[in-house]
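Dear colleague,

I am handing over the structure below, and after it come my notes on what was found. Please read them with the structure open beside you.

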Amino acid sequence: VIQPDNKILVSASLSAGSPPVLSSALIRVEGGPLLANLSIQAPTDRSASGVRLHGTVNPNGHTTTALFEYGPTASYGQSVPLTLVDEDGTLAENVEALLTGLTAGTSYHFRLTATTAAGTRSTADGLFSTFSNLEVWRQLHFGNAANAGMGADTADFDLDGLPNLLEWACGLSPAALSRFDTPVSRNGSVIEFTYTRDTSASGAVFNVEWSDTLPGASWSTAGVSETITSQAGTIQTVKATMPAGTNGSRFVRLRVLGPS
């Protein structure tokens with residue numbers, strides 16, 4: 001068996017219960033083309049629409065062509081050919097490819113494939129994802145797309161009482177004191193709760209919830225309906241309506257979830 005490092009593995013076995021025997025084998029190895037040795041590294045330069053793939057190719061002394069394959073599934077479907085500096089060299093050569101035009105917030109599979117006269121070899125499947133709208137926002141304001149540190153969803157960098165996730169979803173700045181008004185009033189048998197949201201915050205999920213007792217498990221969205229009352233640019237004003245209940249009071253809140 002030819003192993004990934006092009007070494008030849010020879011093995012033999014005896015049937016269970018067979019008496020010990022002295023055996024020998026005659027092996028003839030003939031020179032010929034070898035498969036290329038390959039590896040992939042972690043992608044870099046991630047953005048909402050692109051990424052840079054990295055890997056190494058060792059042609060093992062035989063003319064080699066190589067390419068990166070990628071796509072939304074492990075069937076790939078798209079590829080980028082690579083130009084090797086020494087296509088029949090004997091040393092590992094670094095290769096890379098910048099992918100563009102990808103879909104934001106999407107996971108992609110990729111692998112590195114090389115072909116010599118001996119055949120084709122591919123690396124194991126790799127995976128990367130393009131930035132979501134929220135990651136782009138973090139990168140812009142905090143210089144890092146990770147949900148961590150001052151850029152974490154629950155952090156309040158400007159100390160205005162509004163967490164980053166809410167400021168992103170509602171079109172506010174995380175670096176300047178913001179005021180987020182949510183007028184609420186009773187209108188006959190219903191409560192009207194008004195808030196604003198940013199339609200460019202792709203992946204944000206808005207839930208208006210109510211409670212009569214406040215403990216966390218008591219919050220509900222039952223009977224809540226929403227109407228868009230106005231829009232200025234990407235900012236919508238939304239009026240949520242819900243039953244007023246019969247207890248004489250009811251608490252209302254806006255709950256925002258980010259992309260999964």
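**Salt bridges and overall form**

A search of the whole structure finds eleven salt bridges, a salt bridge being a side-chain nitrogen of Lys or Arg within 4 Å of a carboxyl oxygen of Asp or Glu. Please keep in mind that this is a predicted model, in which local features need pLDDT of at least 70 and side-chain atom pairs count only at pLDDT 80 or more, while totals for chains, interfaces and linings use all residues. Residues are numbered from 1 along each chain as its sequence is written, and side-chain values use heavy atoms, with hydrogens and water left out.

One of the salt bridges joins D153 to R138, with the closest N and O atoms 2.9 Å apart. This pair links distant parts of the chain, since D153 sits in the loop between α1 (133–142) and α2 (164–169) and R138 in helix α1, 15 residues apart; helices are DSSP runs of H or I of at least four residues and strands are runs of E of at least two, numbered from the N terminus. Both D153 and R138 are buried, where buried means under 20% relative accessible area, exposed over 50%, and partly exposed in between, with a 1.4 Å probe and protein chains only.

The side chains of R197 and E226 also meet in a salt bridge, at 3.4 Å from N to O. Here too distant parts of the chain are linked, R197 lying in strand β10 (residues 190–198) and E226 in strand β12 (residues 225–232), 29 residues apart. R197 is buried, with a relative accessible area of 16%, whereas E226 counts as partly exposed at 35%.

In the salt bridge between R179 and D181, the closest N and O atoms are 2.8 Å apart; R179 is exposed, at 70% relative accessible area, and D181 is partly exposed, at 44%.

As for the chain as a whole, it has two helices and 14 strands. Its radius of gyration is 30 Å, well over the 18 Å that the globule rule gives for 260 residues, so the chain is more spread out than a compact globule; the radius is taken over C-alpha atoms, and the rule is 2.2 Å times the number of residues to the power 0.38. Along the principal axes, the C-alpha atoms fill a box of roughly 95 × 55 × 30 Å, and 34% of the 260 residues count as buried.
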